[in-house]
Amino acid sequence: YEIYLSATSKLVVETFKISRERYDIGSEALIQILLVRDNDRLPAAGAVLEYDGKEYTANASGYVTIPISSMDVGKFTVMPQLVDYHGVKVIKYKVVPFVIFDAIEIYRTEHFPNAKRVDVGTGVKIKLYARYAYDKQPFKGVLRVCNISSQGEGIFTFTLRRNEVGKLTVKVDSAADTLYGLSKVLQKPFDIISVS
C-alpha cells in the first residue's frame, strides 16, 4: 500500500461577499473573504489575517469578516496578509476583494431668473445636475430641496420661492438613490436673496 499525504502549502482567497454594490463615503462596509486550503479546497477555519494593523480570524466556514471605511470616493482593494494557519504563511488571491465608496455629486447648478437677488414671492426655477462621483454616470433617484422633492435621472428641477425678505439657501436636504442606495451628497450650497 502507498499512502499519499497532501499538505497545505498556501491558502487561497476563493471569493468574497459584500451586501451592496456601493457604499456611502464615511460609512462602514463589511467584506467577507473566503479562505480555502490549496490542497483540498476545504475552508481554512481559524486562519488569522492582518489588515490595516488589526487581526481577523476565519470562522468555521472559512470566512473572514473585515470592516472597511473611507472618506474618499473610489474602488478600494482589500488584500490582507496571512499571519498564520498551522505554520502556513502564504496566501494566494484567486480573486481580489474590493469595495466601492461613492457619493452623489451636484456638479452643476442653474437658476432662472439668473440673479442672486429676486423680488419677494418670485418663483425661482432651480436645476441641479447630479451624478455618481465614482464613475460620473447620471444619478438616478429622488432629491429633496427645501421640502420639495424631484425625481429624475441626471437633472432635477425645483421651483422655490420665499414670501418674505431674506436668504434662501439651496442645498440638498436628502437623497434617495434608486441604483445603489446611496444618501451622501457632495454639493456647494448657494443662496438666493429675496428683496422687496
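Which side chain is joined to that of Asp102 by a polar contact, and at what distance?

Analyst: The side chain of Arg22 is the partner, at 2.7 Å. A polar contact here is a pair of N or O atoms within 3.5 Å; within protein, one must be able to donate a hydrogen and the other to accept it, and residues adjacent in sequence count only if both atoms are side-chain atoms.

First, the ground rules. This is a predicted model, in which local features need pLDDT of at least 70, side-chain atom pairs count only at pLDDT 80 or more, and totals for chains, interfaces and linings use all residues. Residues are numbered from 1 along each chain as its sequence is written, and side-chain values use heavy atoms, with hydrogens and water left out.

Asp102 sits in strand E10. Helices (H or I, at least four residues) and strands (E, at least two) are DSSP runs, numbered from the N terminus. Asp102 is buried because its relative accessibility is 0%. The cut-offs are under 20% relative accessible area for buried, over 50% for exposed, and partly exposed in between, with a 1.4 Å probe and protein chains only.

Arg22 is one partner; Tyr134 is another. A polar atom of the Asp102 side chain lies 2.8 Å from the backbone nitrogen of Tyr134. Now the surroundings. With neighbours within four places in sequence set aside, Asp102 is in contact with Arg22, Tyr23, Asp24, Ile25, Val73, Tyr132, Ala133, Tyr134 and Leu182. Contact means heavy atoms within 4.5 Å.

Leu186 belongs to strand E19, residues 185-186. Leu186 is partly exposed because its relative accessibility is 32%.

Back to E10. The strand covers residues 98-102, and Phe98 lies in it. Phe98 has 24% relative accessibility and so counts as partly exposed. Beyond neighbours within four places in sequence, Phe98 is in contact with Phe16, Ile18, Ile31, Lys75, Phe76, Thr77 and Val78. Ile68 is 30 residues away from Phe98 in sequence, with a C-alpha to C-alpha distance of 9.8 Å.

Next, strand E11. A salt bridge is a side-chain nitrogen of Lys or Arg within 4 Å of a carboxyl oxygen of Asp or Glu. Glu105 is buried at 18% relative accessible area. Lys136 is partly exposed at 44%. Arg108 and Glu110 make another salt bridge (2.4 Å, N to O). Arg108 is partly exposed at 42% relative accessibility, as is Glu110 at 28%. The structure holds eleven salt bridges.

A cis peptide bond joins Phe112 and Pro113, with omega about 0 degrees. Pro113 lies in the loop between E11 and strand E12 (117-119). Most residues other than glycine have a negative phi, and most peptide bonds are trans. Arg41 has a positive phi, near 60 degrees, and is not a glycine. Arg41 is also linked with Glu14 and Lys94 in a network of salt bridges.

Finally, the whole. The protein has zero helices and 20 strands. Its radius of gyration is 25 Å, well over the 16 Å that the globule rule gives for 196 residues, so the protein is more spread out than a compact globule. That radius is taken over C-alpha atoms; the rule is 2.2 Å times the number of residues to the power 0.38. The C-alpha atoms fill a box of roughly 100 × 30 × 20 Å along the principal axes. Buried residues make up 37% of the 196 residues, and Asp102 is one of the buried residues.
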